[in-house]
Amino acid sequence: MLKFISFGSGSSGNCYYLYTETDGLIIDAGVGIRTLKKHFKNYGLHLDNVHHMLITHDHADHVKSVGSLSKDYGLDVYTTHSVHVGIEHNYFVKKKIEPTHVKIVEKGVTFKLGEFKVTPFGVPHDSSDNVGYKVCYGDVVFVLMTDIGHITPEMQPYISEANYLVIEANHDVEMLSQGPYPQHLKMRILGPYGHLSNADCAQAIADDATPQLKKVWLCHLSEENNHPILAQKTIEDILRSHGIIAGVDFTVEVLKRKVPTGVYELL
């Protein structure tokens with residue numbers, strides 16, 4: 001059985017874990033390594049059972065522990081060439097990935113990773129590069145996409161294929177517009193290489209989800225420009241306007257910024 005935990009989702013640090021009885025895959029390593037070790041211990045898990053790492057992009061809240069994890073546990077790190085270059089030049093990544101553990105992926109090219117089949121795809125963001133991942137285990141299709149400036153035609157089929165979807169709902173546009181951020185930062189977030197709003201997230205799900213979708217997790221919520229209750233209500237209201245009933249057609253849940261989730265079983 002495939003299981004999923006989020007160990008953190010937001011600008012304070014992002015880290016997601018997919019695992020079976022015999023294999024484990026971390027997506028992003030933006031949570032401090034001591035914190036991550038504590039979380040694994042609290043869940044009765046062992047980092048020695050992690051065999052691979054996928055990275056979406058090179059911003060610090062997604063990669064600050066990637067070199068430490070790779071070195072301490074002998075983990076290969078998979079992402080695009082541009083993201084690897086960005087990690088190498090990222091000041092916040094104190095321990096770099098050793099060359100033997102640098103593995104390059106290509107968007108749209110599926111590859112085998114232990115018990116998983118992985119397909120990277122492009123996601124627009126103002127990083128060196130950014131990729132989402134479709135991870136297949138048997139008949140289960142798990143899709144993660146975060147730090148999304150806008151939804152592209154390349155991304156839409158992956159939403160349609162998902163049984164389980166992690167997707168960004170970063171901000172409420174009105175909260176952001178009326179909030180304390182300087183204008184240049186507001187424009188960056190709202191721009192085509194910034195972050196996805198609650199409303200745009202909902203529209204993407206409404207446009208592209210299929211009856212095979214079982215659960216949606218909303219990730220990377222802004223602490224200043226969003227609220228979990230607001231994000232969930234906005235998305236459920238927009239879905240309802242399209243005839244989609246959250247809790248009936250599929251469930252919607254918000255991932256906490258700094259607190260791990262429970263263990264989800266992906267059937």
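Strand β12, residues 215–219, pairs with β13 in the parallel sense over four bridges; two strands pair if DSSP finds at least two bridges between them, and strands are DSSP runs (E, at least two residues), numbered from the N terminus. This is a predicted model, in which local features need pLDDT of at least 70 and side-chain atom pairs count only at pLDDT 80 or more, while totals for chains, interfaces and linings use all residues. Residues are numbered from 1 along each chain as its sequence is written, and side-chain values use heavy atoms, with hydrogens and water left out.

Within this pair, Leu-218 stands opposite Val-254 in β13. Helix α9, residues 228–241, packs on the sheet and touches β12 and β13; contact means heavy atoms within 4.5 Å, and helices are DSSP runs of H or I with at least four residues. The direction of α9 makes about 155 degrees with that of β13. Axes here are lines fitted to C-alpha atoms, for helices over the stretch in contact, and angles run from 0 to 180 degrees between N-to-C directions.

Let me turn to the sheet as a whole. Seven strands form an open sheet with mixed pairing, in the order β7-β8-β9-β10-β11-β12-β13. Its edge strands, each pairing on one side only, are β7 (111–113) and β13 (251–254).

Finally, the lining of the largest pocket. A pocket is an open set of points on a 1 Å grid over the protein atoms alone, where a 1.4 Å probe fits, with protein on both sides within 12 Å along at least five of seven lines; lining residues have an atom within 4 Å of a point. The largest pocket is lined by 18 residues, and Arg-188 and His-220 are among those nearest its centre. Helix α7, residues 183–190, gives the largest share of this lining, three residues.
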